[in-house]
Amino acid sequence: MLSLSHFKIAQVASLFALLFLSSIFDLSHATSLSRRATVCNGYAQLCTQGYGNVTYVGAHDSYAVGSTSQLGANQDQSVTQQLEDGIRMLQMQAHVQNGQIYLCHTLCTIYNGGPLQTYLTTVKSWLASNPNEVVTLLIVNSENLPASQYDAVFKAVGLDAVSYVPSTTPVQASSWPTLGSMIDSGKRLVTFLDNGADPTVPYLLDEFTNIWETAFDVTNPTFDCNVNRTKGDTNTQMYLINHFLDTTLLGQFVPNVPQLNVTNAATGAGSLGAQVATCVAQNTRPPNFMLVDYYEFGAGSVFQVAASLNGVAYKPSSPIAIPSATAATGTSNAASPKIGLPVFAGEQVGALLIVMLSILVGAFSAL
Ligand SMILES: *[C@@H]1O[C@H](CO)[C@@H](O)[C@H](O)[C@H]1NC(C)=O
Ligand SMILES: *[C@@H]1O[C@H](CO)[C@@H](O)[C@H](O)[C@H]1NC(C)=O
Ligand SMILES: *[C@@H]1O[C@H](CO)[C@@H](O)[C@H](O)[C@H]1NC(C)=O
């Protein structure tokens, strides 16, 4: 008898515990429904700005991380560090390897950044721990894969659930929702495909009907702001500037490493600030996306340019990454910028030979 009544008490107690827990759950649920972000992409002022009225710094070939002398690399900080430092557009080039989507630069034998799924998992975990941030992905669909193949990867990672879907497309720069409302709704990832977008996967948006771009593979530091690629109305579209300076090596485009601090600077001839000034003069509004190489060269200058266009003061909560080439341990890398062209270590020679072979067979297309 005694043990039975104890059993009943225990049952009643656990029932109450369950009710209590579920009421807490309901409360937190209600709180999340009425959530109002007070800081958006780092600034309170940006919460009321339209997504298409804001300027973002983008990492060109964000997955192509290596030293400044590594063939195929365009960044030297991890994707997580890029996001931590303020990169809000991640550009990437997709290729197929063993039936899977990989992020490679031109060819997977030149630079292989691993499976798209691994990369997106990193992005997802950063988004999860940074709930007040809106991030944009720009995927160069090099092999013209159908959107459904990307959809499968996004779904496997769970990024479809946080992806923004516009009610109609294309979306004019002035018609995007505010960053605050995107954050509040939990739909704070915007993804563009340069080709292959298709209404059956409505969160994978077509780049060129929504965005126009300036020229890429620029080797003249006087970056212009002319329309290079579009499939829409450049007067109303968002736009992207390809602000990475290249040089040619064996006829191929590689980052102009010695000029990085000048190219990424906020002011001066050849700087990001100078191209932006050209753009504002020509288009009466600043670019939405500014793609750069090795973004941390310039010690935050690229973010200063964005902040000033957004009417906020650039105040990083912690110092941004130090270029790995000038870090205390990077002695071999530190030497290469002085030479004027990337220096190839032994292991890069093989890759370089493959590039040369690829040129011969016409398989190499630069971007
Ligand atoms: C974005 O800018 C345009 C043009 O100035 C304006 O019409 C639109 O209302 C702005 N969007 C937001 C959400 O402020
Ligand atoms: C766009 O840029 C590429 C690379 O810089 C160049 O080859 C091409 O001629 C440009 N096209 C237009 C229409 O400006
Ligand atoms: C770029 O770096 C060089 C070499 O360290 C330096 O002399 C130059 O002043 C720097 N330029 C800018 C714009 O920071």
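Predicted model: local features only at pLDDT ≥ 70, side-chain atom pairs only at ≥ 80, totals over all residues.

Student: OK. Which residues are around ligand 3?

Tutor: Asn261, Val262, Ala265 and Gly268. By class, that shell has two nonpolar, two polar and no charged residues.

Student: And what classes of residue make up the shell around ligand 1?

Tutor: Five polar, with no nonpolar and no charged residues. The residues are Gln49, Gly50, Asn53, Ser174 and Thr178.

Student: Switching to the fold. How many helices and strands does the protein have?

Tutor: The secondary structure comes to 11 helices and 12 strands. Of the 367 residues, 42% count as buried.

Student: What share of the contacts with a separation of 6 or more comes from residues 24 or more positions apart?

Tutor: 70%.

Student: Now Val305. Where is it found?

Tutor: Val305 is in helix H9, residues 301–309.

Student: Is Val305 buried or exposed?

Tutor: Buried, because Val305 has 30 C-beta neighbours inside 10 Å. The cut-off for buried is 20 or more.

Student: What does Val305 touch, beyond residues up to four places away in sequence?

Tutor: Ala266, Leu272, Gly273 and Val276. Take Ala266: it is 39 residues from Val305 in sequence, yet their C-alpha atoms are 5.7 Å apart.

Student: How do the axes of H8 and H9 cross?

Tutor: At roughly 30°, and they come within 9 Å. H8, residues 272–283, is therefore roughly parallel to H9. Angles under 35 degrees count that way.

Student: Which residues make that contact?

Tutor: Leu272, Gly273 and Val276 of H8, with Val302, Val305 and Leu309 of H9. By class, the contact has five nonpolar, one polar and no charged residues.

Student: Stay on H8. Which of its residues are buried?

Tutor: Leu272, Gly273, Ala274, Gln275, Val276 and Cys279. The buried residues of H8 pack against strand S9 (238–242), strand S12 (289–292) and H9.

Student: What span should H8 have, and what does the model give?

Tutor: At 1.5 Å a residue, its 12 residues should span 16 Å. The end C-alpha atoms of H8 are 16 Å apart, so the two agree.

Definitions and conventions:
Residues numbered from 1 in each chain as written. Chains lettered and ligands numbered in written order. Near = placed C-beta within 6 Å. Nonpolar A, V, L, I, M, F, W, Y, C, P; charged D, E, K, R; others polar. Helix = DSSP H or I, 4+ residues; strand = E, 2+ residues; numbered from the N terminus. Buried ≥ 20, exposed ≤ 12 C-beta atoms within 10 Å, placed from the backbone. Contact = placed C-beta atoms within 7 Å. Axes fitted to C-alpha atoms, helices over the stretch in contact; angles between N-to-C directions. Parallel < 35°, antiparallel > 145°, perpendicular 65-115°, else oblique. Expected span 1.5 Å × (residues − 1).
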